[in-house]
Amino acid sequence: MRAAARKWGPLIDCPIRWNTAGILRCVTECQQTNQPVAVDDLAFTRADGQDGVLGITVIPVQGDDVLLFGTDITERKRTETERSHLQD
C-alpha cells in the first residue's frame, strides 16, 4: 500500500473533489496499453459546490509517466440529456 500511496500521491491528494477511482482506472489502462484513454463521464464537484461531469484524456509520455487533461463538460452533458428527452 505504501508503494501505491507514493505512486498515486499527487493524484489522490489533488484538491479537486472527483472520482479518484475512475481517474486511477484511466491512468492504469493508459500505462498498461501505452495508448491514450479518453473518458467523458467522470463525476466531480465544481468550485461552486454543484455536481459536474468531467471529460478527461490520459496520454502516455514515457515509462509510467502520463499527462492528464480534463475539462468541465457538465453543460454539454446537460444539453445532450435535454435533447434526448425531447426526441423521445
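This is a predicted model: local features need pLDDT of at least 70, side-chain atom pairs count only at pLDDT 80 or more; totals for chains, interfaces and linings use all residues.
**Notebook: salt bridges, a helix and its cysteines**

Residues are numbered from 1 along each chain as its sequence is written, and side-chain values use heavy atoms, with hydrogens and water left out.

Because Glu75 and Arg78 are 3 residues apart in helix α3, about one helical turn separates them (helices, H or I, of at least four residues and strands, E, of at least two are DSSP runs, numbered from the N terminus). Glu75 is partly exposed at 46% relative accessible area, and Arg78 is partly exposed at 39% (buried means under 20%, exposed over 50%, partly exposed in between, with a 1.4 Å probe and protein chains only).

I then looked up Glu80 and Lys77, whose side chains form a salt bridge at 3.9 Å, N to O; a network of salt bridges links Asp40, Arg76, Lys77 and Glu80. Searching the whole structure gives 7 salt bridges.

Next I followed Asp72, which forms a salt bridge with Arg46, the closest N and O atoms being 3.5 Å apart. Asp72 lies in strand β4 and Arg46 in the loop between β2 (37-45) and β3 (51-62), so this pair ties together parts that are 26 residues apart in sequence. The side chain of Asp72 also makes a polar contact of 2.5 Å with that of Thr74 (a polar contact is a pair of N or O atoms within 3.5 Å; within protein, one must be able to donate a hydrogen and the other to accept it, and residues adjacent in sequence count only if both atoms are side-chain atoms). Thr74, found in helix α3 (residues 74-87), is buried at 4% relative accessibility.

Finally I turned to helix α2, where the buried residues include Cys26 and Cys30. Cys26 has a relative accessibility of 6%, and Cys30 has 0%. Just after α2, I found that Asn34 takes a positive phi of about 55°.

Technical notes: A salt bridge is a side-chain nitrogen of Lys or Arg within 4 Å of a carboxyl oxygen of Asp or Glu.
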